[in-house]
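Here are some notes to read beside the model. Please follow them with the structure open.

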Amino acid sequence: MKSILSILSLCFVLVSCSGDDDNGDPNAFNEPTTAGLSYSNSQSDFITTYNGIRATLQSNSNISVLAEVNHTANAQSVNQSLRNTRIIFFGNPSLGTPVMQENQLAGLDLPQHILVYENASSEVIASYNSVNYLSTRYGVQSANTLPQIESALESIVNTTTQNEVLTNSSASINSGQGVITLVSQNNFSTTYNNLRNSIIDNTNLSLVFELNHQENAQNAGLSLRPTSVIVFGNPNLGTPLMQDSQTTALDLPQKFLVWEDENGEVKVSYNNPNFLKSRHLISNSQNSTLEDITNALNNLAISATN
């Protein structure tokens with residue numbers, strides 16, 4: 001799998017909000033309320049939990065670790081603070097490709113990723129997007145690998161945290177919700193290269209990694225139309241959002257999906273920042289930052305598609 005790692009990424013730092021932490025009994029488990037989130041309260045400290053998840057992933061020959069993002073370190077690099085928050089990206093094309101065969105847009109939430117964070121009550125939470133969230137948002141309920149994906153994710157987290165995995169409802173999530181898509185006037189390669197070059201040439205942005213889903217599918221003996229994702233970030237913009245609501249880190253760094261549909265039409269898709277606000281209960285105090293992110297993403301997508 002193709003991986004380009006970067007020192008910096010779009011750090012969404014966290015400061016607890018009503019949706020993430022409860023400042024009551026410090027011995028109580030402050031369950032996050034993020035829609036479509038699966039999570040477990042670890043019995044170990046932050047470093048032990050994160051390293052345990054990474055070791056479990058690395059020990060599985062069917063899984064490739066693609067990138068690790070230390071949001072806390074990235075926040076510090078721009079003179080901001082953030083409680084322990086790290087995310088690890090990994091994939092298994094044999095399981096992920098059938099999902100994207102049903103709907104290429106699912107590549108926006110793939111590869112899989114697990115977020116480990118320490119909240120204001122010093123509780124360590126391991127979390128990930130539930131399979132129900134994935135199937136509901138992209139309408140891929142018929143993908144035959146979903147049960148395997150669900151079992152694998154739950155096992156990885158449960159084994160490490162030594163605690164049960166809980167899952168929040170995805171009832172508030174609609175098919176296609178929060179996805180912005182622009183049709184490109186260029187072919188696939190030109191569109192992707194335009195987007196990549198714009199990110200690299202912008203000194204405020206850092207490329208985290210790239211993933212060619214089609215190439216990975218072929219390596220697994222499967223077929224997929226051209227589908228690639230590029231992950232990038234800007235800690236100056238991301239950190240304030242995570243400071244407001246820590247679970248926002250699960251949807252960061254930012255991603256662009258470039259894909260070619262069954263009619264040969266090339267498209268660029270990305271998450272609407274207002275969807276992140278709704279899903280993670282980010283407060284109105286971050287509206288200005290969200291507007292800046294919205295404008296930046298829109299400008300990058302327009303530049304790539306014209």
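1. Start with Glu210, which stands opposite Ile230 in β9. Strands β8 and β9 (residues 227-233) run antiparallel and are joined by 6 bridges. Strands here are DSSP runs of E with at least two residues, and helices are runs of H or I with at least four, numbered from the N terminus. Two strands pair if DSSP finds at least two bridges between them.

2. A word on the source. This is a predicted model, in which local features need pLDDT of at least 70, side-chain atom pairs count only at pLDDT 80 or more, and totals for chains, interfaces and linings use all residues. Residues are numbered from 1 along each chain as its sequence is written, and side-chain values use heavy atoms, with hydrogens and water left out.

3. Which order do the strands of the 5-stranded open sheet take? The order is β7-β11-β10-β9-β8, with antiparallel pairing. β7 (179-183) and β8 (206-212) each have a single partner strand, so one side of each lacks a neighbour in the sheet. On average, neighbouring strands of this sheet are turned by 20° against each other, direction ignored.

4. Another open sheet has 6 strands, ordered β2-β3-β4-β5-β1-β6, with antiparallel pairing. Its edge strands, β2 (64-70) and β6 (166-167), each pair on one side only.

5. Within it, β3 (residues 85-91) and β4 (residues 112-118) run antiparallel, joined by 6 bridges. Ile88 stands opposite Ile114 in β4.

6. Now the helices. Helix α1 (residues 46-58) lies across β2, β3, β4 and β5 (124-129), at about 5° to β3. Helix α5 (residues 146-161) lies across β1 (37-41), β3, β4 and β5, at about 175° to β5. Angles run from 0 to 180 degrees between N-to-C directions; axes are lines fitted to C-alpha atoms, for helices over the stretch in contact, meaning heavy atoms within 4.5 Å.
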